[in-house]
Amino acid sequence: MDQKRLLAAIALSIGILLIFDFLGRPAREAQRAQQAAQQQAAQVQQAAPTPGPTGPLGAPTDAAPAAGAPRSPAARIPVEGPRVQGTLNLRGARLDDLVLKDYHETVDRNSPLVRLLAPRDGAAPYYNQWGWTAADGHTPVPGNDTDWTAEGSRLAPGTPVTLRWDNGQGQVFEIVLSLDENYMVTAEQRVRNNGTAPVQLLPWARIRREYTPPTQGFYILHEGFVGVLDGKLREETYSSAKSEAAKRNGVALEQEGPGGWAGITDKYWLTALAPVDQSARFRATFRALPEGGQDRWQADFAPPAALTIAPGETGGGQALRLFAGAKEVNLLDAYATRLGIPDFDKAVDFGWFYFLTKPFFHVLHFLGSTLGNFGVAILVFTLVLKALFFPLANKSYKSMAKMKVLGPKMTEIRERYKEDPAKAQAEMMALYRTEKVNPASGCLPILIQIPVFFALYKVLFVTIEMRHAPFFGWIRDLSAPDPTNLFNLFGLIPYDPAQLSHYLHMPAWALIMGATMYLQQRLNPQPPDPIQAKLFQWMPLIFTFMLAGMPAGLVIYWSWNNLLSIAQQWTIQRGVKPGRPGTAAVPAAAVPAGAAKPKKG
């Protein structure tokens, strides 16, 4: 493999990932500004109840509240768990107030707790709701303005709550809610038919988001609808769901089958519904609905057909679990094992390199928990990777060292046969055979680093365990870019040039990475082609700017990996002895002129 192919390997390994990120920053910033403007506009007008989607049986729907005199505020009961706190809205049977007690908005421990669910009359409505649709067309069912009564003073682990509503025509609707020690709510819906005739009802549960949240805008991160339905991972971004729903009366995706789970995901947070009985058949639906000038997003579960409840019987219900919390990998795995929720860990976007990314996460999580610092865990993890690939890398670096010594002879061959490229190639291949050098082996470290780099990037970027994880000094969050900046003299000037342009963000760790990349480049054989050589000289600077906005943990890994590679290459090059076949030729300066010239035939 010549230098041109080596350059292509480098571009494939990192260039695509970084260039997409680099060029996509202006578009992401414009998208965030537009979403922020939409959210600000929502703050000045209350989100009014509007008609909702209709399925084959008309479920679930939003009904406007009855006109009349203003009603008293809705009654609420507290939701208190070790890791969550909030309230349950008895009007409409909605869980619409929930904050996560273990997570703050910023690295400042005095910053507000992360709010996951919010009421419908606020700026960012996001809630879960349980209800029924009258499939027979005449049975009164609870709606958005229905006031339920509660049996129980609070929803807490070991303290369930039963919501109850009597429609006045013989049917009593009940929802039994229980909360575990983490983020899981279990809801059992049922109806007691005390009337004289059978009724047909369709129970449903839904997650509804009545605004479009700001998204990260990274192509390697999925945000929007997510679920595992019929054994397959289903993902729909907000834009793709909107496009698809416009063709199908508001339905972006509809899947009928046994069990599964479905919901809405953010980078670190998830709301998802999953049947308790994973063998029962359900219809899961993703909906995108333009209502009142805003896009509304909904994921719902319902039986595939209406249920009939005979007089004197209790039924017409379903049991569903609601997860509303942080996407902690070990917790999702525990729920998958203990509750039988299939592939629940896929709520974390581990991506194509799942087989590497998840093991990497477990190793880093173990090291971070043991050492007490995820930054140190990254350094130790890099050492482990270096040890695993040491024999292969060692062979590669030895070949690169020999190639560097052979550089003058290769240049001489190219110059002598510049009018006959085929002859030049043949002479160089003969030189490789004589000196026992494999030109392709220099690409192996780069090729190995492709999946490693990408998998580690995913771990740092998508797992909440890395969020707000400090290193040393000024690095307080390994998942965020290094906050320092060369262009304000690392804080001496009280101004952030990055506010003017993101291209003016040049942190300390990116400079360290660029310096180590330059030193490593000096140890590698230089391309004989002048154009390629010039391009190689610019690469450290190009990659310094590209990595400037990357998570600090990734830049620290890259810098540390470069330093280890430099030490390994330098040691190997010291051991390369010129002048003997199989080791390398003596540099041209030490050989009499013409000694390396091929004999004329």
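Predicted model: local features only at pLDDT ≥ 70, side-chain atom pairs only at ≥ 80, totals over all residues.
Residues are numbered from 1 along each chain as its sequence is written, and side-chain values use heavy atoms, with hydrogens and water left out.

**View 1. A nonpolar patch sits on the surface.**
Leu486, Phe487, Phe490, Leu511, Leu535, Trp538, Leu541, Ile542 and Phe545 make up the patch, with about 770 Å² of accessible area together (Shrake-Rupley method, 1.4 Å probe, only the protein chains shown counting as cover). Patch residues have over 30% relative accessible area and no salt bridge, and nonpolar side chains are joined within 5 Å; a salt bridge is a side-chain nitrogen of Lys or Arg within 4 Å of a carboxyl oxygen of Asp or Glu. Helices here are DSSP runs (H or I) of at least four residues, and strands (E) of at least two.

**View 2. Phe487 lies in a loop.**
Look for Phe487 between α8 (444-462) and α9 (508-523). Phe487 counts as partly exposed because its relative accessibility is 39% (buried is under 20%, exposed over 50%, partly exposed in between).

**View 3. Strand β16 pairs with β13 and with β17.**
Since 9 of its 11 residues are buried, β16 (residues 281-291) is largely enclosed by the rest of the structure. Pairing takes at least two DSSP bridges. β16 runs antiparallel to β13 (residues 251-258) over 7 bridges, and Gln255 stands opposite Ala284. Another 9 bridges join β16 to antiparallel β17 (residues 294-302), where Arg287 faces Gln298. In the β16-β17 hairpin, with 2 residues between the strands, Gly292 takes a positive phi near 60°.

Key
Patch = residues over 30% accessible without salt bridge, like charges linked within 9 Å, V, L, I, M, F, W, Y side chains within 5 Å. Buried < 20%, exposed > 50% of the residue type's maximum accessible area, 1.4 Å probe, protein only.
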